[in-house]
Amino acid sequence: MTARTLPVPDGLDGMRVDAGLAKLLGLSRTAVAAIAESGDVLLDGRTAGKSDKLTAGAWLEVTIPDPEREDGGPPPAIEVPGMSVIHEDDDIVIVDKPVGVAAHPSPGWTGPTVIGGLAAAGVRVSTSGAAERQGVVHRLDVGTTGIMVVAKSEHAYTVLKRAFKERTVEKGYHALVQGHPDPSSGTIDAPIDRHPRHDYKFAVVAGGRPSVTHYETIEAFRAATLVDIRLETGRTHQIRVHFSALKHPCVGDLTYGADPTLAKRLGLSRQWLHARRLAFDHPADGQWVEFTSQYPEDLRKALDRLTAES
C-alpha cells in the first residue's frame, strides 16, 4: 500500500473525485473509482465516493493498493494502443510513447506501460535492472509524450546507463509555457528536490540536486510561448518544475500552477510537453544516432487553436 496525503490543488476544484484524482495521481479513472469504492479516499477525514466533488484546499488522504502481481516478477505483457516502435536493432529499441503510459510498473499504477507494451509486441529487453523496469535507462512522465530508448542487450543497458549519468545523451523537448519567458532564451540553473509540503510533486529547493535546463523560444503566441528545451540534467519533473518556478508553467500542467481556463480553452487535459529528440552514441559501435518524434494530436490541436487566436 502507498498512502498519499495532500491538499486538493486549486485546479481540481469542483471536479469529480474519480476524474480529479486520476489527473492528480497519474492513475486511470477506473483505478481511482475502485479505490474510492473501497473507502480509501478521504476528504477532510470523511470517506468520499467517486462522484463526489473536490474542494480546493480540502485535505485529501488516499491509500493506493500495490499492483496485483508477484513481487519481483516481470511486468504484465499488455498491448499499448498508440505506442509505436521507431527503430529496433539487437541492442536498442526506440519507442514513441503516447500520453497516459508509464515507462514501467510502479506501486499504485494500474495503467499501461512501455515495458508491458514491448513485451506484448514480442520485443525482448535487457534483464538488467529491477524486474519491473528491466531495460529502462530513462523515463518520461505518464503525461509526457515522445521519444524513449529501451536497452535490449545487457551491453546496451550498461553503456546507456553510463551515458545518461555522464550527460553525453542529448535530450531535446518542446514545451508550450504560459506567458512569455524573459529572456526569450536562457538557462535555468536551480536545484530540485521533493516539495517540502506536498510529496506528490517536486520544487526548486535550496540544497536540492543540481538541475540545469537550457531553452530557446521557437514561437510566441498571445497567451503562451513554444520553447525548445535541452536538458543538461534529468531530474524528475525537471522542465515542469523549472518553468513553474519562473511563473511560466507548462500549459495544462495543473499540478504545477497552470491556468485551468487556458488549458480548457485549448482542449488540454495534461501538460503540453513533448520529448522531441534523443541523440546518443550507439552502444554497439559508438556511431552517433538521432531520433525525433512528431507532436501527437492533442498538442498539435492546442497549437492550432493558439495560432488562430494570435
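This is a predicted model: local features need pLDDT of at least 70, side-chain atom pairs count only at pLDDT 80 or more; totals for chains, interfaces and linings use all residues.

Me: Good. Which residues is Thr255 in contact with, leaving aside its neighbours within four places in sequence?
Reply: With those neighbours left aside, Thr255 is in contact with Leu24, Tyr200, Lys201 and Arg240.

Me: And where does Thr255 lie?
Reply: Thr255 lies in the loop between H5 and H6.

Me: Is Thr255 buried or exposed?
Reply: Thr255 has a relative accessible area of 15%. Buried means under 20%, so Thr255 counts as buried.

Me: Arg240 came up there. Which residue forms a salt bridge with Arg240, with the closest N and O atoms 2.8 Å apart?
Reply: That residue is Asp253. Asp253 lies in the loop between helix H5 (238-245) and helix H6 (260-265), while Arg240 lies in helix H5, so the pair ties together parts that are 13 residues apart in sequence. Both Asp253 and Arg240 are buried.

Me: Which residues are linked with them in a network of salt bridges?
Reply: The network links Asp141, Arg240 and Asp253.

Me: Why would such side chains pair at all?
Reply: Side chains of opposite charge can pair when their charged atoms come close.

Me: How many salt bridges are there in the whole structure?
Reply: A search of the whole structure finds nine. One of them joins the side chains of Lys152 and Glu88, at 2.7 Å from N to O. Lys152 lies in the loop between strand S7 (145-151) and helix H4 (154-165), and Glu88 lies in strand S5 (residues 84-88), so this pair ties together parts that are 64 residues apart in sequence.

Me: How accessible are Lys152 and Glu88?
Reply: Lys152 is buried, with a relative accessible area of 18%. Glu88 is partly exposed, at 40% relative accessibility.

Me: What about Arg16 and Asp18?
Reply: Their side chains also meet in a salt bridge, at 2.9 Å from N to O. Arg16 is partly exposed at 32% relative accessibility, whereas Asp18 is buried at 5%.

Me: New topic: helix H2. Which of its residues are buried?
Reply: The buried residues of helix H2 (residues 29-37) are Ala31, Val32, Ala33, Ile35 and Ala36.

Me: What covers them?
Reply: The cover includes helix H1 (17-25), strand S2 (41-43) and strand S4 (59-64). H2 is followed by Gly39, which has a positive phi, near 80 degrees.

Me: Now the nonpolar cores. How many residues has the largest one?
Reply: The largest nonpolar core has 27 residues, and those with the most contacts inside it are Val114, Leu118, Tyr173, Ile229, Ile239 and Phe243. Among the elements that each supply at least two residues of this core are strand S6 (92-97), helix H3 (114-120) and strand S8 (170-178).

Me: Which residues does the second core include?
Reply: The second core is separate and has 26 residues, including Leu25, Ala36, Ile64 and Tyr200. Ala36 is also one of the buried residues of helix H2, and Tyr200 is in contact with Thr255.

How values were computed:
Residues are numbered from 1 along each chain as its sequence is written. Side-chain values use heavy atoms; hydrogens and water are left out. A salt bridge is a side-chain nitrogen of Lys or Arg within 4 Å of a carboxyl oxygen of Asp or Glu. Buried means under 20% relative accessible area, exposed over 50%, partly exposed in between (1.4 Å probe, protein chains only). Helices (H or I, at least four residues) and strands (E, at least two) are DSSP runs, numbered from the N terminus. Contact means heavy atoms within 4.5 Å. A nonpolar core is a set of buried Ala, Val, Leu, Ile, Met, Phe, Trp, Tyr and Cys residues joined through side-chain atoms within 4.5 Å.
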